[in-house]
Amino acid sequence: MLHPRTTRTNRYGLAVIGMTLLAGGIFALGQSQNLWLAHTASDPLLVGSETRYTHAHTWLWILAAIVAAVLALGCIRWLLNQARRADLHTLRLETDPAHGQTTIPAHVIARAIETDLTQHPGINAARVEITGQPASPTLRITTSATDPQMVSVIRRCVETDIPANARALLDLPDDPPVYLTIAIGR
Amino acid sequence: MSPPPSPPRSQRVVPAMVVAAVVGAGLVTFVIDVVAVWTIGHSLIWPYRDMAARMRHTTWSDTPIIAIAAAITAVGVLLLIAAVVPGRKKLLDLDADRPATAAGISARHLRRALRRVTIRLDGVGDVTVNLRRHRAQLDVTTPYRDPGDLAGTVQTSADHYLDDLRLTRPLRTTVRTNHQKSA
């Protein structure tokens, strides 16, 4: 699952670029239909005074290059963020700082739950992602079964045993929320 | 008690990656050209002089310019729609017993499950499952010349399976039987 911040960035990024293109497109279409007062449809796209101005002011190109470089870095970061997962790295086992701090890598707990799941009859494979906040994690479980008739057994196991085990393992006050995705293997 | 986790939805990864790559590449080439003009006196990637000369002889009312403007507007609208409309749900929701639990199955896996449940029945040679919004359509091929109430048996089996699965939006099943032609 994608990191929530990346999901938000995708929405805002697409909206900003979409609005920019929409504004540019509407401006050009309006220009071609004589809707704006500044130019007429028979004017060239680039007039001599504009070319002379940009030639005379080198700083304009440098400024544009700096802005473009910053935006390009933003685009590269946006692209790299698509690989960022929502999985937690560590889980906090001790919530009271007066008693010190005990942390455990989240993947260790995830692998332990996966092993627990695959020992149940009917489950061929399982994948567990731990997302949310370190103090109140959410389990996102995908189980794969070859026999579709075992789905109800798997659901009972995931909905009752696994949250109770995870609660005991992580010393949580309540059972953690669970999202189960059922897959039917080939 | 915590609320159940939200079901996975499409997170616009593909449009975001395409837009970030295209815009990023355009900006990087622009920066390279500005630096090249500054240092070696001419651009390396885009022929700015030719482009400027062409733009001086092209008017806003020229057909290619109107077509490009319309295309840019259309892409802008599509990106805005992709940003504003909530992502498509990837799974069909299932009812859960515990309040903090949610579950789902993809349409592909539900089709596979229904196919596997049906193909075990006596008289079923092959089966194709199509899922619509409110309906599961099972096309059964049978080697029997007289399939009897095979359609009814298949429907009962599929309905029983779907009831057991507890889809939040139940599907109505319809079954069609066809005679399997011998080779």
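A salt bridge here is a side-chain nitrogen of Lys or Arg within 4 Å of a carboxyl oxygen of Asp or Glu. I wrote that down before opening the model, which is a predicted one.

**Entry: salt bridges inside chain A**

I started with Glu114(A) and Arg111(A), whose side chains meet in a salt bridge at 3.0 Å, N to O. How far apart are the two in helix H4 of chain A? They are three residues apart in that helix (residues 106-118), so about one helical turn separates them. I then looked up how accessible each partner is. Glu114(A) counts as buried at 13% relative accessibility, while Arg111(A) is partly exposed with a relative accessible area of 40%.

Next I went to Glu159(A), which forms a salt bridge with Arg155(A); the closest N and O atoms are 3.5 Å apart. I placed both in helix H5 of chain A (residues 151-170), four residues apart, which again means a separation of about one helical turn. Buried or exposed, I asked of Glu159(A)? Buried, at 2% relative accessibility. Arg155(A) also counts as buried, at 3%.

**Entry: salt bridges, chain B and overall**

In chain B I looked up Asp93(B) and Lys89(B), whose side chains meet in a salt bridge at 2.6 Å, N to O. Asp93(B) is partly exposed at 23% relative accessibility, and Lys89(B) is partly exposed at 35%. I also noted a network: Arg167(A), Asp175(A) and Arg98(B) are joined by salt bridges that share partners. For the whole structure, the count of salt bridges over all chains is nine.

**Entry: the interface of chains A and B**

How many residues does each chain bring to the contact? I get 69 residues from chain B and 64 residues from chain A. The area buried between the two chains is about 5,800 Å², and carbon and sulfur atoms give 69% of it. On the chain B side, the residues that lose the most area to chain A are Gln11(B), Trp60(B) and Arg98(B), together 14% of what that side buries.

I looked up Arg120(B) and Asp147(A), whose side chains meet in a salt bridge at 3.0 Å, N to O.

**Entry: aromatic pairs**

The count over all chains is two aromatic pairs. Phe27(A) and Trp60(B) make an edge-to-face pair, 5.8 Å centre to centre with 85 degrees between the planes. I traced this pair across the chains, from Phe27(A) in helix H1 (residues 4-32) of chain A to Trp60(B) in the loop between helix H2 (48-56) and helix H3 (63-84) of chain B. Phe27(A) is partly exposed, with a relative accessible area of 38%, whereas Trp60(B) counts as buried at 13%.

Trp61(A) and Phe30(B) form a tilted pair, with 6.2 Å centre to centre and 35 degrees between the planes. Trp61(A) sits in helix H3 (residues 58-81) of chain A and Phe30(B) in helix H1 (residues 13-40) of chain B, so this pair joins two chains. I have Trp61(A) down as partly exposed, at 37% relative accessible area.

One more ring note: Arg11(A) lies over the face of Tyr12(A), 5.9 Å from the ring centre.

**Entry: Thr142(B)**

I ended on Thr142(B), which lies in strand S4 (residues 135-142) of chain B. With a relative accessible area of 1%, Thr142(B) is buried; the cut-off for that is under 20%. What lies by the polar atoms of its side chain? The backbone oxygen of Gly123(B) is 2.6 Å from a polar atom of the Thr142(B) side chain, and the backbone nitrogen of Tyr144(B) is 3.1 Å from one. Leaving out residues up to four places away in sequence, Thr142(B) touches Gly123(B), Gly125(B), Pro147(B), Leu150(B), Asn178(B), His179(B) and Gln180(B).

Notes: Residues are numbered from 1 along each chain as its sequence is written. Chains are lettered from A and ligands numbered from 1 in the order in which they are written. This is a predicted model: local features need pLDDT of at least 70, side-chain atom pairs count only at pLDDT 80 or more; totals for chains, interfaces and linings use all residues. Side-chain values use heavy atoms; hydrogens and water are left out. Rings of Phe, Tyr and Trp (its six-membered ring) pair if their centres lie within 6.5 Å; planes under 30 degrees apart count as stacked, over 60 as edge-to-face and the rest as tilted. Buried means under 20% relative accessible area, exposed over 50%, partly exposed in between (1.4 Å probe, protein chains only). A charge sits over a ring if NZ of Lys or CZ of Arg is within 6 Å of the ring centre and within 35 degrees of the ring normal. Contact means heavy atoms within 4.5 Å. Buried area is the accessible area (1.4 Å probe) that two parts lose on being put together, summed over both. A polar contact is a pair of N or O atoms within 3.5 Å; within protein, one must be able to donate a hydrogen and the other to accept it, and residues adjacent in sequence count only if both atoms are side-chain atoms.
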